[in-house]
Amino acid sequence: MSNPYFRFKQFTVFHDRCAMKVGTDGTLLGAWTDITGVQSILDIGTGTGLVALMLAQRSQAHIDAVEIDAEAGIQARENVAKSPWRDRIQVYQGSVQDYATTCSKRYDLIVSNPPFFDNASKALQKARTVARHSDSLRQLDLLQVAEQLLSEKGRLAVIYPTESVQIFQEKAESFGFSCHRKLSVKPTLASPTKRIVLELGKHPLSSHENVLAIEATRRVYTPEFISLIKDFYLKY
C-alpha cells in the first residue's frame with residue numbers, strides 16, 4: 001500500500017483520497033512558476049492542493065484553488081487547514097467553468113497541472129479518469145477561463161506532455177497569449193523531453209527557454225533539479 005501522505009519541509013500533503021497523487025509534474029509547476037509581483041493566484045484542478053501550497057510558501061499571495069472532484073476537494077481543504085497558510089488559500093469544489101461564471105476577481109497568475117489524455121484508454125475508476133483525461137477541462141476551456149480571469153498583465157503557467165504542447169501553444173496564440181518562459185523537462189540526462197512547463201501572457205516579452213534533467217543517474221537528482229526543489233524536499 002502506498003504512503004497516504006507526502007511530507008515536505010513546511011507542510012504535509014495527504015493524498016489517499018485523491019485520484020492523482022503527489023508527483024513530479026505538480027512539484028515542478030509549483031517550484032518553477034514565477035511569482036514576482038503576484039498578489040492573487042488561481043489554481044485550476046488543485047487536486048491535493050500541492051501547487052497551491054507550494055505557491056503559498058513562495059509568496060504572500062491570496063490563492064483560490066478549484067477542484068472538480070468532491071473527495072479531492074475535501075482532502076485539499078484538509079491539507080490547507082493543516083498548513084501555515086490556511087488564511088491565504090481558499091478551496092472551491094466544482095468545475096472551473098462554473099466558478100468562472102460567478103467570479104468577479106482578476107488574477108495575477110493562473111496555474112494548472114491539467115488533465116491531458118485525449119485518446120488514451122479511460123481508467124476504470126471515475127475519479128482517476130476525470131483527473132487524467134481532458135474531457136472535463138479541455139485546452140480550449142482552460143484558455144477561455146484564463147482569458148476571462150487574468151488581470152491585464154497576468155500570466156498563465158501550465159505543464160503538459162511534450163506531444164500536447166504544440167497544439168496548446170497554437171490555441172493559446174489564437175487567444176492572444178505568447179510564451180514568456182519554457183522549461184523542457186527530461187527524466188534523465190540521456191532521455192528525450194517528456195514534459196514542458198510553459199508560462200504565457202498577453203503582454204509581449206522575449207521568450208526564455210531552458211532544459212532540465214531530473215536525474216543524473218538512477219535515483220540521483222541533478223544539481224539543477226535539487227536547486228529547484230531544495231526549499232521543499234526534506235532531504236535537500
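## Aromatic pairs

Rings of Phe, Tyr and Trp (its six-membered ring) form a pair if their centres lie within 6.5 Å, with planes under 30 degrees apart counted as stacked, over 60 as edge-to-face and the rest as tilted. In this predicted model, local features need pLDDT of at least 70 and side-chain atom pairs count only at pLDDT 80 or more, while totals for chains, interfaces and linings use all residues. Residues are numbered from 1 along each chain as its sequence is written, and side-chain values use heavy atoms, with hydrogens and water left out.

Searching the whole structure turns up twelve aromatic pairs. Take Phe-8 and Phe-11: their ring centres are 4.8 Å apart and their planes stand at 25 degrees, so this pair is stacked. Phe-8 has a relative accessible area of 2% and Phe-11 one of 5%, and both values fall in the buried class (buried means under 20% relative accessible area, exposed over 50%, partly exposed in between, with a 1.4 Å probe and protein chains only).

## A link across the chain

Phe-8 also pairs with Tyr-233; here the centres are 6.1 Å apart and the planes at 50 degrees, so the pair is tilted. This pair joins distant parts of the chain, 225 residues apart: Phe-8 is in the loop between β1 (5–7) and β2 (12–14), and Tyr-233 is in the segment after α8 (223–229). Helices (H or I, at least four residues) and strands (E, at least two) are DSSP runs, numbered from the N terminus. Phe-8 and Tyr-233 are both buried.

Stepping back, ring pairs connect Phe-6, Phe-8, Phe-11, Trp-85, Tyr-221, Phe-225, Tyr-233 and Tyr-236 into a cluster.

## Charges over rings

Two charged side chains are worth a look too. Arg-181 lies over the face of Trp-32, 3.9 Å from the ring centre, and the charged end of Lys-202 sits over the ring of Phe-177, at 5.3 Å from its centre. For such a case, NZ of Lys or CZ of Arg must be within 6 Å of the ring centre and within 35 degrees of the ring normal.

The buried residues of α7 (residues 162–174) include Ser-164, Val-165, Phe-168, Gln-169 and Ala-172. They pack against α6 (139–149), β7 (150–161), β8 (178–188) and β9 (195–201), where contact means heavy atoms within 4.5 Å. After α7 comes Gly-176, with a positive phi near 90 degrees.

His-180 belongs to strand β8 and is buried, at a relative accessible area of 2%. Its side chain reaches the backbone oxygen of His-203 at 2.8 Å.

Methods
Polar contact = N/O pair within 3.5 Å; in protein donor to acceptor, adjacent residues only side chain to side chain.
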